[in-house]
Amino acid sequence: MDPIKNPFSPGAGSPPPELVGRDSLLTQTNILLARVKQGRSEKSFLLTGLRGVGKTVLLNAIEQIADELEYKTVFIEAHENKTLGLLLIPKLRQLLFSLDRMLNAGDKVRRGMSVLKSFINGVKIKYGDVEFGLDIEAEQGAADSGDMEVDLPNLLIAVAEAAQEKGIAVAILIDEIQYLALNEISALIMAMHKMQQRQLPLVLIAAGLPILPALAGESKSYAERLFQFPDIGPLSKEDADRALQDPVKISGVEFTKEALDEIFRLTHGYPYFLQEWGYQAWNHAEEPVISLKIIQESTSDVIRRLDENFFRVRFDRLTPSEKNYLRAMAQLGSEAHRSGDIAAILGVKVSSLGPVRAKLIKKGMIYSPIHGDMAFTVPLFDDFMRRAMPEFQNG
Ligand SMILES: Nc1ncnc2c1ncn2[C@@H]1O[C@H](COP(=O)(O)OP(=O)(O)OP(=O)(O)O)[C@@H](O)[C@H]1O
Ligand SMILES: [Mg+2]
């Protein structure tokens, strides 16, 4: 069928033709944002899930809801090689300037700016030059200790107080939160703890790979009290069918039941894969009924595209020893595995695998669902590893 009219949208963060199966989360988001705006407290969200389940798409949808509720939003994507401070500074500066342009009188915005300036001074000590031309004196000692867990809460409180004075609520959205350093995550958690105590109108909604197991001590117990951790998972069979059927129906096209069953069997309901199979099936079909045969004919193209894009970009960033570690996990199957079993396949001591495991976690390839276990963050990566690497590598 006409590829130009293809409704499916495989791709990182590409909005799907229909955001299926996330209604209750979006309703909860509405409640959270509306409550915070009225100065009532409510637990924020930390959306966690594997690669390609639709976290970024959800975070974008949440930003839209926040916009509709007249929030000021700050959206950042965390990064392996960039600190939280550097990501936040330009966005908060922009936010304070836009608050400054609002009419209501008050001096909290000016104070917000001088605390931001102080925070920049604190960051400068550690990370070199950051100049943002804030024409204002830094408030000495406000947020310049250089200790994130002290400075960030102070900065965010000053920003929230400035917003409150203008009758505005703020939503900070952070994608790929697992890339933040642990002290940055705990600084955010501390900040939200203070926010709740003072009932300030600032919410934090984050998304990423599961991080809770990595937190410890105070941050962990605060995190559990302050946040909900909605698990963003694959779609149910019914939702997966809708994600495929509804978008094509508009054009008078239909998947047969057998075709839908086969796609579900292959994708396990993972949104990224549903989009990819839907996309190829549409292009392969010559008639408005997409049958099992079309799915079977499209599958090798889908696998090739996934191998070349979705999987390959991640694979190419790995060193030989990291590849071997993942290959050993793949040998054991798709679920979580004990570190000891992985070491046994590689014929080495568990203790010798610590560094490679840490690097794979940092790269977002694996995570620890429970202590001592390791699992893939990318669905179906075990199949891919066996295809891409029939043999273990030397080195
Ligand atoms: N609820 C949904 N229904 C149908 N398709 C969806 C849904 N959510 C996401 N998708 C599709 O899945 C793909 C992946 O979405 P997205 O990039 O948001 O995932 P992600 O969880 O952020 O992945 P990553 O961890 O790699 O960043 C996109 O092509 C998107 O269109
Ligand atoms: Mg994403």
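Mentor: α3 and α5 are roughly parallel to each other, and the angle is why. This is a predicted model, in which local features need pLDDT of at least 70, side-chain atom pairs count only at pLDDT 80 or more, and totals for chains, interfaces and linings use all residues. Residues are numbered from 1 along each chain as its sequence is written, chains are lettered from A and ligands numbered from 1 in the order in which they are written, and side-chain values use heavy atoms, without hydrogens and water.

Trainee: What makes α3 and α5 roughly parallel?

Mentor: Helix α3 (residues 84–100) and helix α5 (residues 148–165) pack at about 15°, with axes 11 Å apart. Angles under 35 degrees count as roughly parallel, over 145 as roughly antiparallel, 65 to 115 as roughly perpendicular and the rest as oblique. The pair is therefore roughly parallel.

Trainee: Which residues of α3 and α5 make the contact?

Mentor: α3 gives L84, G85, L88, L92, L95, L96 and L99. α5 gives M148, L152, L155, L156, V159, A162 and A163. Contact means heavy atoms within 4.5 Å. By class, 13 are nonpolar, one is polar and none is charged.

Trainee: Why are α1 and α2 called oblique?

Mentor: The axes of helix α1 (residues 23–37) and helix α2 (residues 55–68) come within 10 Å and cross at roughly 40°. α1 and α2 are therefore oblique. Their crossing is right-handed. L25, L26, T29, N30 and L33 of α1 meet L58, A61, I62, I65 and A66 of α2. That contact has eight nonpolar, two polar and no charged residues.

Trainee: And why are α9 and α10 oblique?

Mentor: Helix α9 (residues 257–267) and helix α10 (residues 271–284) cross at roughly 135°, their axes coming within 10 Å. Oblique is therefore the label for α9 and α10. I263, L266 and T267 of α9 touch F273, L274 and W277 of α10.

Trainee: Now the ligand. How many residues surround ligand 1?

Mentor: There are 26, and the closest are S9, G13, S14, K55 and T56. A residue counts if one of its heavy atoms lies within 4 Å.

Trainee: What makes the approach of S14 to ligand 1 a polar contact?

Mentor: A polar backbone atom of S14 is 2.6 Å from an oxygen atom of ligand 1. A polar contact is a pair of N or O atoms within 3.5 Å. A backbone N or O atom of G11 lies 3.1 Å from a ligand 1 oxygen atom. Q275 places a polar side-chain atom 2.9 Å from a nitrogen atom of ligand 1.

How values were computed:
Axes fitted to C-alpha atoms, helices over the stretch in contact; angles between N-to-C directions. Helix = DSSP H or I, 4+ residues; strand = E, 2+ residues; numbered from the N terminus. Nonpolar A, V, L, I, M, F, W, Y, C, P; charged D, E, K, R; others polar. Polar contact = N/O pair within 3.5 Å; in protein donor to acceptor, adjacent residues only side chain to side chain. Left-handed = near helix turned anticlockwise from the far one by under 90°.
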